[in-house]
Amino acid sequence: MTKSFVFKEYIFTFIFWLVLAIVLWFNFQSTTETYLAMIQAAIIAAFSFTFTHFLTNKLLPKALREKKMKRFLIQLIIVIFLLSLVFSVIFTYLEVEPKDHLPENFIDQLPFLWKGFYMSLPASFLINGAACGVKFYNEHGRIERDHILLQQAHLENQLKLLQDQINPHVVFNILNHIHILMKTDTQLADFLLMKFSDILRYQLYHCNQPLVHLDKEIEYLQNLVEVEKLRWGNELDVKASWEVDNRKAFIAPLLLVPFIENAFKYVCRLPGHKGYVKISCKEKDNHLYFYVENSYSDMTTYKKKDGAGGIGLQNVKKRLKLQYPDSHDLKIETNDHIFKITLLLTLSDHHEL
């Protein structure tokens with residue numbers, strides 16, 4: 001809870017009790033002397049504040065934390081009765097029944113006290129009820145704010161975890177292939193190393209934000225596809241098209257990477273069969289159409305791993321659910337040894353998600 005919020009709560013509480021004391025003073029001075037009305041109003045306001053402060057600042061928060069509202073209702077009734085008794089004493093001995101009209105015997109004064117008691121019950125109930133209502137509203141608002149902050153922190157941690165699962169997978173694949181090429185084709189290894197530096201730079205310096213510019217993400221994906229094409233050479237037929245009208249739109253970083261990674265990872269590479277990967281990315285009016293198609297064989301583990309519970313597709317599904325809950329449409333199709341993924345995504349036009 002911030003200091004400004006606490007200060008505002010104190011100001012509101014002070015104004016509430018000041019207004020109550022003034023209203024009581026105006027009400028009492030019509031039937032009694034001014035100084036006596038001020039004493040009555042001050043005493044009633046002081047006792048009311050003491051009782052309701054204990055009720056709302058001690059008993060109510062404890063009941064909310066422990067979820068024991070039935071016990072609190074009993075405590076509320078007791079406080080209302082006690083405050084009504086205090087009001088009865090004030091009304092009886094200060095003004096409502098002048099002292100010289102009261103019987104000298106205390107037993108004979110009990111009817112006057114009883115009359116003051118039950119006449120004070122509505123006022124006591126309203127004062128305590130209003131104070132509890134205000135406090136309950138503030139406590140409920142605080143609980144809601146804490147809940148929202150916890151949800152936001154949980155969401156950020158979840159997204160960070162999902163994103164961290166992607167980064168090492170890409171890095172290790174590329175490093176492993178560069179290591180192999182260093183022994184066979186140093187020129188190609190050098191080129192791949194340059195591309196890898198661009199990929200790593202993007203992941204290190206741009207992907208720590210909730211959203212990134214679409215043009216930067218597309219450039220990263222193009223580098224990734226280029227690296228994969230060079231890795232597999234003539235073993236695969238790779239076609240990729242990129243049509244983006246608004247490159248200043250925003251997208252969650254590395255969201256589309258698992259689609260490309262899985263396509264190259266599980267594409268058919270059996271002897272005598274040339275597999276293929278087809279990628280199409282189109283953006284228009286802040287709507288992104290992303291399509292990936294690849295061939296596969298029954299010997300691959302595509303469906304078993306990523307179709308069910310692997311890091312790849314399940315990762316994307318979780319991120320889409322968290323970051324684009326009502327603005328995406330993902331379709332995954334498998335038929336005739338062809339795996340297809342189609343994603344329709346409504347992009348953000350500002351740097352918030």
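Reader: Which side chains meet in a salt bridge in this predicted model?
Author: The model is predicted, and by the rule of a Lys or Arg nitrogen within 4 Å of an Asp or Glu carboxyl oxygen, the count comes to 1 salt bridge.

Reader: How many residues apart are D198 and R201 in their helix?
Author: Both residues belong to helix α5, which covers residues 186–205. About one helical turn separates them, because their spacing in α5 is 3 residues.

Reader: What is the relative accessible area of D198, and what is the relative accessibility of R201?
Author: Partly exposed lies between the buried limit of 20% and the exposed limit of 50%. D198 is partly exposed, and R201 also counts as partly exposed. The value for D198 is 34%, and for R201 it is 43%.

Reader: At what angle do the axes of α5 and α6 cross, and how are the two helices oriented to each other?
Author: The two axes come within 10 Å. They cross at roughly 150 degrees. Angles over 145 degrees count as roughly antiparallel, and therefore α5 and α6 are roughly antiparallel.

Reader: Is the crossing of α5 and α6 left-handed or right-handed, and which residues of α6 make the contact?
Author: The crossing is left-handed. From α5, the contact uses L188, F191, L192, K195, D198, I199, Y202 and Q203.

Reader: What is the strand order in the open sheet, and which strands stand at the edges?
Author: The open sheet has 5 strands with mixed pairing, in the order β2-β4-β5-β7-β6. Two strands have a single partner each, so one side of each is left without a neighbour in the sheet. From one strand to the next, the twist averages 5 degrees. The edge strands are β2 (236–244) and β6 (328–335).

Reader: How many bridges join β5 to β7, and what is the bridge partner of L288?
Author: Strand β5 spans residues 287–295 and β7 spans residues 338–346. They run antiparallel, joined by 9 bridges. The partner of L288 in β7 is L345.

Reader: Why is α7 largely enclosed, and which of its residues are buried?
Author: Buried means under 20% relative accessible area. Helix α7 is largely enclosed by the rest of the structure because 9 of its 10 residues are buried. These are V257, P258, F259, I260, E261, N262, A263, F264 and Y266.

Reader: Is S280 buried or exposed, and what is it in contact with?
Author: S280 sits in strand β4. Its relative accessibility is 12%, so S280 counts as buried. Leaving aside neighbours within four places in sequence, its contacts are S241, Y289, F290 and Y291.

Reader: What percentage of the chain's residues count as buried?
Author: The chain has 9 helices and 7 strands. Its length is 353 residues. The buried share is 39%.

Conventions:
Residues are numbered from 1 along each chain as its sequence is written. This is a predicted model: local features need pLDDT of at least 70, side-chain atom pairs count only at pLDDT 80 or more; totals for chains, interfaces and linings use all residues. Side-chain values use heavy atoms; hydrogens and water are left out. Helices (H or I, at least four residues) and strands (E, at least two) are DSSP runs, numbered from the N terminus. Buried means under 20% relative accessible area, exposed over 50%, partly exposed in between (1.4 Å probe, protein chains only). Two strands pair if DSSP finds at least two bridges between them. Axes are lines fitted to C-alpha atoms, for helices over the stretch in contact, and angles run from 0 to 180 degrees between N-to-C directions. Angles under 35 degrees count as roughly parallel, over 145 as roughly antiparallel, 65 to 115 as roughly perpendicular and the rest as oblique. A crossing is left-handed if the near helix is turned anticlockwise from the far one by less than a right angle, and right-handed if clockwise. Contact means heavy atoms within 4.5 Å.
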